[in-house]
Amino acid sequence: MNRWRQLLSVAGAFALLVAVAVLPGEGHAHAAAPQVLPGEPAPLGMPYLPTPSAMHVTIDNLTAIGLTVKNNVTIRLSDGTTVTTTQYTFTQLQVNSHMHVTHTAPDGTALTIDIPAAGSLGGLDTAGQPETTVMWGTIDNICVTVLIPICGVQGLLNFFGSFIKLNAGASGFDARVYGIQTIDNHAALSSTDNPVHLPGTITVTTP
Amino acid sequence: MSAPGGEEGRTHWRQASLVLLPALVAAGGLGGALADGALASSLLVQSGTIQLTTTSLYGTHYAAALVDQTYETATGATGTAHPLRMGFANGLLNGLCLAQQQQILGATYTLMITLGDTDPGSWEISTQNTVLDLRSATGVLDMDGLVDLNINGPDVTTVNDANGVPVPNPLLSPEHRFGIQAGYAKFDRVTATVDDLQVPGLLTTPGLNISVHPGAASCPAPPAPTGTPGTP
């Protein structure tokens, strides 16, 4: 009984935290045809072939606007294998503090992108319209705060996001991400809200 | 060329002059070709790590991918590095400084090349088919248009062939390596360590300066850009 009460309270808190839009999210048209070399398999479930190694992405604090979730999406990796994962679509994804991205190749070569403060993986275009960011992967942890941080609510996120748009502030984001695509149909040099704004450091290390 | 500061420095310069001569002649040739600005040339900087700083680097048809790059050390040993190779079909630079340390007769010297002007509001250097092999970089990276992260390295595109078709695997990335693709990218206030820099296409710059400094010298920290670059 206590367990049910706990679950209901967390679900209620989660529902309170999100601003709900009235319409379900819609898929977007991808702006470019996939580019693959002869002999490579065709992309499946996403517009390009990601590498078999997922990126490990952590974000200390973020704001997601217009989030919709598509569960059980099968994508094909560049080695031809497929995985079933989750597709997250945002109109804005603001990194409020510290994002760390690591991609480790099978030979141990690691690429890291470290953004110590604020950044963006999706914003507004020059026409003031929200851009689109799509992320394919698995969220292993995400926290929302109602008086105290409540973590491990990714299941609720996937559930609610599958039929309503969510706006949420969150912390403790920890995910394995196969690919991220951002689309700006009004790309312009003078834009200060570029979809990918990463003030930080890129480093390659080898074992 | 900068004069060394002390007695010991002068001795080193005399000893090193014969060794430095070929490099300076080559560098002087490059400087002469570019001295009047807006001249077609190409730039290739290789061998050892290079410090690169720029107020801003902007380019269209941008891509990056991890690659395998073989190298040979001064002792003849060979190995393979795995830098992040960045490519721009068309690039504009807002000032550029390259610094590379050299050991000459047991002494350390730094060869420094600066291109462009000192105006942080102008992207005065234009390049074609720029390729950078990057070990690390600190700055502000903005990407726009269609941006893909973790795309398979060989699938990225930058330059087109004579028929306007994207050249397959332009960065020569092995399969299943991390890649980035973007319609355009802009890096501001960049301080980077690169393995090499190649501009095989057209390079135009209004200014070029080459200097040699005793000891380990660094490029000055790049100022923040003002304004936005024009369309290359």
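Guide: Two residues are in contact here if their C-beta atoms, placed from the backbone, lie within 7 Å. The model is a predicted one. With that cut-off, and leaving out residues up to four places away in sequence, Met135(A) touches Tyr88(A), Val177(A) and Ile180(A). Met135(A) itself belongs to strand E7 of chain A, which covers residues 132–146. Is Met135(A) buried or exposed? Met135(A) counts as buried because 26 C-beta neighbours lie inside 10 Å, and the threshold for buried is 20 or more. A further spatial relation involves Tyr178(A): 43 residues separate Met135(A) from Tyr178(A) in sequence, while their C-alpha atoms are 7.7 Å apart.

From there, consider the boundary with chain B. In total, 39 residues of chain A are in contact with 36 residues of chain B. On the chain A side, the elements that give two or more residues are strand E9 (166–183) and strand E10 (196–205). Of the elements on this side, E10(A) gives the most, with eight residues. By residue class, the chain A side divides into 22 nonpolar, 15 polar and two charged residues.

E9(A) also pairs across the boundary. Its partner is strand E8 of chain B, residues 125–149, and the two strands run in the antiparallel sense over four bridges.

Definitions and conventions
Residues are numbered from 1 along each chain as its sequence is written. Chains are lettered from A and ligands numbered from 1 in the order in which they are written. This is a predicted model: local features need pLDDT of at least 70, side-chain atom pairs count only at pLDDT 80 or more; totals for chains, interfaces and linings use all residues. A residue is buried if 20 or more other C-beta atoms lie within 10 Å of its own, exposed if 12 or fewer, and partly exposed in between; C-beta atoms are placed from the backbone. Ala, Val, Leu, Ile, Met, Phe, Trp, Tyr, Cys and Pro count as nonpolar, Asp, Glu, Lys and Arg as charged, and the others, Gly among them, as polar. Two strands pair if DSSP finds at least two bridges between them.
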